[in-house]
Amino acid sequence: MTRPARRTRLIAIAATLAMTAGLAACAPAGSNDSSQATGEILSVAAPGSSLDGLDPNFSPGAEIDAIRSRQLYDNLTSFDVHNELQYDLATSITSNESGTVWTINLRDGVTFHDGSPFGAKDVAFTIERVTAEDSTANAKSLLTFMPTDGVAIVDELTLTVTLDKPYGPFAELWANTYLPIVPVGFDESKPVGTGPFSFVSFSAGQSSTFARNDAYWGEPAKVDAVKIIDFADDSAAINAVKSGQVDISSSVPLPEVQSLESSGVNILNSPSSLYINLAMNTQVAPFDDARVREALRLVVDRQQIIDSALNGFGVVGNDFIGGTSICVPDLPQRTQDIADAKRLLAASGNEGLQLTLVTTNGAPGMVESAEVFAEQAKAAGIDVDVQNLDVASYLANYLNWPFAVDFFGDTYLQLASRTLLPGGSSVETHWDNEDFQALAEDAFAETDDDARCEIEKQMKEVEYEDGGNIIWGYYNVVNAYSDRVHALEVDITGTAVTRLSSVWLDNGDR
């Protein structure tokens, strides 16, 4: 198929969106060959809010932000569906023997959506905007190891980063959701990236539309455009899939999976290392008492939460982050022990404890797990008032809730930087453990993968004993999609619904 010029295609897309309420294009019947663009618009439903944005380095971090970001921007590296590291805008990242000087070689011939060439200056600019003194970027805490004067541009496609001390997982770092590369002078109101789709329109809390980037350096997208639509309610999103209003829903009401499959909705079930945590602010009472934190972990029947809140789509966790398959310490599985929980509460003077637990519909199971936990806590004489807030209200007080539900997923050390170490962008627990911090410093400096893994195991042991999270389980990411959709793959990183450039649609009417 010969693709039309980009400007012509944008006009055609805009006209089609207007005629069909923004959700479908009327393409002539033709080949379903996945190697060809189908002339269709792929529509995706995801939870969103008025806080939605298009700046990949400063986004709130909701799932819908990650979906949009991956269409418009690229990272230096990324993880594929099997969680294997691959090189994207970088072609190699290597260090000297001590791990203190890293050389980043960049891909030649890459252009931004406005036609300007991508190069070392853009990587340097991205690092500078993320690490600036007044920056509020989510990735800022990930780059604290990097001296402000450590970045040097060697030539148009090469730069070096000189560190004060070794940093072993340097190449993996650049795959982080918050570290896509943006051009010098990036303007969120006119977002320009190197990704497989380019910006057409955006309305916070409502929808965004992106057109295929025909000049993309990698495999071109299979559809002409992507429309990402905000849905506040999972059931409404699923109904939109059933009716043909949208092609994919990123969220699925898990108790309804079996009935959805029976009704003809396709389900993608991806095991992952993503977790829903109950975060206790360790700097405020009663969570500043380790005995209370332990008591709350002991009231949890983990399998019951997985069965009730996730409809069985998950595996039991053990109060440390990072998944259940990589660098896992040999620790006894914590199980429900109401008698011991009562003993700890009595010893700490917290019998008859009353708590407020804040949650939101940010990911499947966040609300349901809070409700199940509240029921389980009653057995230990704990009264938990669950407050289910809209996403905007929840984020407005983010990091300040004494007791809240959240969800995360990333490589272990990046998660530790963001959620467990002082200065992290998402340290809801405000945990301050010197032993953990010393181990983390050693882990970041270790360049040998096996040796680093042993240190990570020790870090998880400290989490298990003293941390501020209840990590009751790791959840499968479940997506729903229509029969039109092809090439949506099981993805153990939990990000299948962000990989839209490889998806193709059947031609013809809906």
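In this predicted model, Asn 83 sits in the loop that joins β2 (77–79) to β3 (85–87). Its phi is near 70°, a positive value in a residue that is not glycine. With a relative accessible area of 31%, Asn 83 counts as partly exposed. Asp 319 also has a positive phi, of about 65°, and is not a glycine either. Asp 319 belongs to the loop between β14 (314–316) and α9 (338–347). Its relative accessible area is 1%, so Asp 319 is buried. Most residues other than glycine have a negative phi, and most peptide bonds are trans.

The peptide bond from Ala 285 to Pro 286 is cis, its omega lying near 0°. Pro 286 is part of the loop between β13 and α7. Helix α7 itself spans residues 290–298 and is mostly covered, with seven of its nine residues buried. Among the buried residues of α7 are the charged Arg 293, Glu 294 and Arg 297, and also Val 292, Ala 295, Leu 296 and Leu 298.

Of the 510 residues in the chain, 56% are buried. A compact globule with 510 residues would have a radius of gyration near 24 Å, and the 23 Å of this chain agrees with that. Along the principal axes, the C-alpha atoms fill a box of roughly 75 × 60 × 35 Å.

Aromatic contacts come next. A pair of aromatic rings is described by the distance of the centres and the angle of the planes. A search of the whole structure finds 14 aromatic pairs. One of them joins Phe 145 and Phe 170, with 6.3 Å from centre to centre and 85° between the planes, an edge-to-face arrangement. Phe 145 lies in the loop between α3 (120–131) and β6 (151–155), while Phe 170 is in helix α4 (residues 170–173), so this pair ties together parts that are 25 residues apart in sequence. Phe 145 has a relative accessibility of 16% and counts as buried. Phe 170, at 0%, counts as buried too.

A second pair is formed by Tyr 275 and Tyr 474: the ring centres are 6.0 Å apart and the planes stand at 80°, so the pair is edge-to-face. Tyr 275 is in strand β13 (residues 275–280) and Tyr 474 in strand β18 (residues 469–475), so the contact ties together parts that are 199 residues apart in sequence. Tyr 275 and Tyr 474 are both buried.

Ring pairs also build a cluster from Trp 102, Phe 145, Tyr 167, Phe 170, Trp 174 and Phe 444. The Phe 145–Phe 170 pair described above therefore lies within this cluster, because rings pair if their centres lie within 6.5 Å and this pair is at 6.3 Å.

Rolling a probe the size of a water molecule over the atoms shows where empty space is left.

The loop that carries Phe 145 also contains Met 146, between α3 and β6. Met 146 has a relative accessibility of 8% and counts as buried. Its C-alpha atom is separated by 22 Å from that of Leu 85, which is 61 residues away along the chain. Leu 85 falls within β3 (85–87), at the end of the loop that holds Asn 83.

Tyrosine rings also take part in contacts with charged side chains. The charged end of Arg 334 sits over the ring of Tyr 464, at 4.1 Å from the ring centre. Lys 460 lies over the face of Tyr 412, and here the distance to the ring centre is 4.8 Å.

Terms used:
Residues are numbered from 1 along each chain as its sequence is written. Side-chain values use heavy atoms; hydrogens and water are left out. Rings of Phe, Tyr and Trp (its six-membered ring) pair if their centres lie within 6.5 Å; planes under 30 degrees apart count as stacked, over 60 as edge-to-face and the rest as tilted. Helices (H or I, at least four residues) and strands (E, at least two) are DSSP runs, numbered from the N terminus. Buried means under 20% relative accessible area, exposed over 50%, partly exposed in between (1.4 Å probe, protein chains only). A charge sits over a ring if NZ of Lys or CZ of Arg is within 6 Å of the ring centre and within 35 degrees of the ring normal. The radius of gyration is taken over C-alpha atoms; the globule rule is 2.2 Å times the number of residues to the power 0.38.
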